[in-house]
Amino acid sequence: MTARVGVVTFPGSLDDGDAARAVRIAGAEPVRLWHGDPALHGVDAVVLPGGFSYGDYLRCGAIARFAPVMESIVDAARGGMPVLGICNGFQILCEAHLLPGALTRNQHLHFRNRDQVLRIETVGTAWTNTFQPGQEVLIPVKNGEGCYVADPATLDRLEAEGRVVARYIGGNPNGSQRDIAAITNEAGNVVGIMPHPEHAVEELTGPSLDGLGFFTSVLKHLVGAPA
Amino acid sequence: MPRVVVDVMLKPEILDPQGQAVANALPRLGVSDVASVRIGRRIEIEFTGEPDLDRAREIADKLLANPVIEDFTVRVVEADETAGARS
């Protein structure tokens, strides 16, 4: 049976279309989820896409966290369902306390968009299990508030527990502490990533096909996961 | 009507690039005696009944501030001290 991967649309989401397309190219069925509808429609995993949910008023992701669909996603994530938050989705996962730390204004205050090399640090997550440890990938980054911060104890714990999923290589685009581009929760089912793997899934539109690995990983994870 | 004012500031250990950018612009105004600038957010809340500090604290903790990176204070002010009354 084809895996069903939900992609949430909030008011202000931008990359929900690309995320759904990436899911389809990876071989799963994308299911569009709506912020105001708490039903998850039988999905096996969820992607929170990039954009500016609710205008990013107050703080990025702060209001989206209280969307009806998020209550269901937080419950499902705590129960083990794979959730990938990309850019604004990463911010939402931090605001929802599914991931530690927070994302703040880029240190240089400039919006940064470029193709970025990342090193995959952890392949033991639902979203990175098809990569090789230490593999370098090329994925677009585009953010104004992508500077990952957490207190030193949290950063040390993330490092010690192998929960830093990806790091920026060849220049840190936003000042993130310890060059962190992506992290995971303790169980490895929830991943937040600032760059955009959904923009690197086709020759025509992306700098590489490296982003596809995140989406094929979740399919492999779902096949292996006990029903 | 009294309002509750919530002041939200980045924690001291969190870098404030906005404040730094403002501080760096001050010499262009001829101001050279400012050591640092930090930027926060002030929120005024008007309750339908009496101002409720505990409720305001809960609102601030859950929504207005992100306790991971920000501190907040709450206080009641009379209407004529609020920005809305001045404008």
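In chain A, nine strands make up an open sheet of mixed pairing, ordered 2-1-3-4-11-10-9-6-7. Helices (H or I, at least four residues) and strands (E, at least two) are DSSP runs numbered from the N terminus, and two strands pair if DSSP finds at least two bridges between them. The model is predicted: local features need pLDDT of at least 70 and side-chain atom pairs count only at pLDDT 80 or more, while totals for chains, interfaces and linings use all residues. Residues are numbered from 1 along each chain as its sequence is written, and chains are lettered from A and ligands numbered from 1 in the order in which they are written.

Strand 2 (29-34) and strand 7 (136-143) of chain A each have a single partner strand, so one side of each lacks a neighbour in the sheet. Neighbouring strands of this sheet are turned against each other by 25° on average, direction ignored; axes are lines fitted to C-alpha atoms, for helices over the stretch in contact, and angles run from 0 to 180 degrees between N-to-C directions.

Within this sheet, strand 4 (residues 83-86) of chain A runs parallel to strand 11 (residues 190-193) of chain A, and four bridges join them. A:Val83 stands opposite A:Val190 of strand 11. Leaving aside residues up to four places away in sequence, A:Val83 touches A:Ala45, A:Val46, A:Leu48, A:Ile73, A:Ala77, A:Asn189 and A:Val190, contact being defined by C-beta atoms, placed from the backbone, within 7 Å. A:Val83 is also among the residues that touch the most other members of the largest nonpolar core, which has 75 residues. Such a core is a set of buried Ala, Val, Leu, Ile, Met, Phe, Trp, Tyr and Cys residues joined through C-beta atoms within 7 Å. A residue is buried if 20 or more other C-beta atoms lie within 10 Å of its own, exposed if 12 or fewer, and partly exposed in between, with C-beta atoms placed from the backbone.

Helix 3 (residues 88-95) of chain A is mostly covered, eight of its eight residues being buried. These buried residues pack against strand 3 (45-48), strand 4, strand 5 (102-104) and strand 11 of chain A. After helix 3 comes A:His97, with a positive phi near 65°.

The loop between strand 4 and helix 3 of chain A holds A:Cys87. An unreviewed UniProt entry lists A:Cys87, A:His196 and A:Glu198 under "active site"; annotations of this kind may be inferred rather than shown by experiment, feature names are shortened, and positions follow the numbering used here. A:Cys87 is buried, as 28 other C-beta atoms lie within 10 Å. A:His196, in the loop between strand 11 and helix 5 (212-224) of chain A, is likewise buried, with 24 other C-beta atoms within 10 Å. A:Cys87 and A:His196 touch each other, and the contacts of A:His196 also include A:Asp15, A:Gly50 and A:Lys142.

Chain B contains an open antiparallel sheet of three strands in the order 2-1-3. Strand 2 (41-45) and strand 3 (70-77) of chain B are its edge strands, each pairing on one side only. Five bridges join strand 1 (residues 3-10) of chain B to strand 2 of chain B, and B:Val5 has B:Glu44 as its bridge partner in strand 2. Helix 2 (residues 53-64) of chain B packs on the sheet and touches strand 1, strand 2 and strand 3 of chain B, its direction making about 150° with that of strand 3.

Note on methods:
Two residues are in contact if their C-beta atoms, placed from the backbone, lie within 7 Å.
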